[in-house]
Amino acid sequence: MPNTSIKSTPIRILVVDDHTLFRRGLTALLTRDTGLQVVDDAADAGQALRKARELQPDVILLDNHLPGVSGVKALPSLLEAAPNACILMLTVSEDENDLAAALHGGASGYLLKNMEGDDLTAAVHRAVQGDSIIAPEMMGKLISAYKNTITKTGAAAVTAAAPPSVKSSTPTAQAMASLSPRELDILRGIARGASNKEIAREHGIVETTVKIHVQHVLRKLGVSSRVHAAVMATEQGLL
């Protein structure tokens with residue numbers, strides 16, 4: 001389980017990617033945030049495993065397309081080597097099968113390399129706080145795959161087959177009815193994969209207010225994950 005306590009020391013990151021220039025550029029980007037520290041990098045799964053075991057990072061940024069063993073296949077070993085680490089996939093792959101495999105394997109998030117630098121650093125902070133982070137471009141594919149599974153196998157089978165962050169029982173009408181109009185707006189933003197900053201900008205409120213609303217939404221729906229809440233919103237036709 002990721003460490004959800006508020007950290008007074010920098011978040012320690014291990015960068016795993018087979019492209020040297022990308023690793024260097026990513027390190028330079030991340031270390032512009034004084035709350036982040038890149039402790040090392042690795043070019044393949046073997047190096048990543050050794051360094052994860054030795055350094056015990058808080059976050060592992062993991063590419064999927066690695067030489068030899070792919071990032072997704074390396075997930076179980078990395079989580080065993082550094083059980084308190086959040087692993088965020090950072091990849092070019094928009095394949096929903098890669099997304100599903102990463103979530104099933106225990107990744108805390110799935111991000112795309114075309115994202116803005118500020119969004120990446122914010123995602124790292126959110127992951128350490130316990131959020132599941134999915135790239136907005138991938139949220140629709142995650143929801144679509146989930147709905148297709150419901151259609152083909154029924155809701156009971158979905159609960160067993162869904163990634164850990166998506167498992168749930170069907171939400172009751174009463175739970176949805178308990179949300180205020182503003183909370184429903186926040187939930188729609190979550191379902192689109194928007195960050196707190198983006199939701200705040202859309203509704204003309206401050207980011208800290210959005211964070212409070214998100215906490216209320218998750219509590220009222222009885223879930224702990226933004227991804228889980230997004231699935232519930234889609235099931236109820238809120239998008």
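Residues are classed here as buried when their relative accessible area is under 20%, as exposed when it is over 50%, and as partly exposed in between (1.4 Å probe, protein chains only). The model is predicted, so local features need pLDDT of at least 70 and side-chain atom pairs count only at pLDDT 80 or more, while totals for chains, interfaces and linings use all residues. Residues are numbered from 1 along each chain as its sequence is written, and side-chain values use heavy atoms, with hydrogens and water left out.

Helices (H or I, at least four residues) and strands (E, at least two) are DSSP runs, numbered from the N terminus. Helix α11 has 15 residues and reaches 21 Å from its first C-alpha to its last, close to the 21 Å expected at 1.5 Å a residue; the expected span is 1.5 Å times one less than the number of residues. In α11, the buried residues include Val210, His213, Val214, Val217, Leu218 and Leu221. These residues lie on the same side of α11 because they cover an arc of only 135 degrees around the axis, the arc being that of the directions from the helix axis to the C-beta atoms. Thr208 and Arg219 are exposed on the other side of α11. Thr208 counts as exposed because its relative accessibility is 55%. Just after α11, Gly222 takes a positive phi of about 75 degrees.

A nonpolar core is a set of buried Ala, Val, Leu, Ile, Met, Phe, Trp, Tyr and Cys residues joined through side-chain atoms within 4.5 Å. The largest such core has 53 residues, and Leu62, Ile134, Leu187 and Leu221 have the most contacts inside it. Helix α12 (residues 226-235) supplies the largest share of this core, 6 residues. Another core, of 19 residues, lies apart from it and has Leu88, Leu120, Ala127 and Val128 among its members.

The axes of helix α9 (residues 181-191) and α12 come within 8 Å and cross at roughly 105 degrees. Axes are lines fitted to C-alpha atoms, for helices over the stretch in contact, and angles run from 0 to 180 degrees between N-to-C directions. The two helices, α9 and α12, are therefore roughly perpendicular to each other (65 to 115 degrees; under 35 counts as roughly parallel, over 145 as roughly antiparallel and the rest as oblique). Contact means heavy atoms within 4.5 Å. Leu187, Ile190 and Ala191 in α9 meet Arg226, Ala229, Ala230 and Ala233 in α12.

Leu111 is in strand β5 (residues 109-112) and is buried, with a relative accessible area of 2%.
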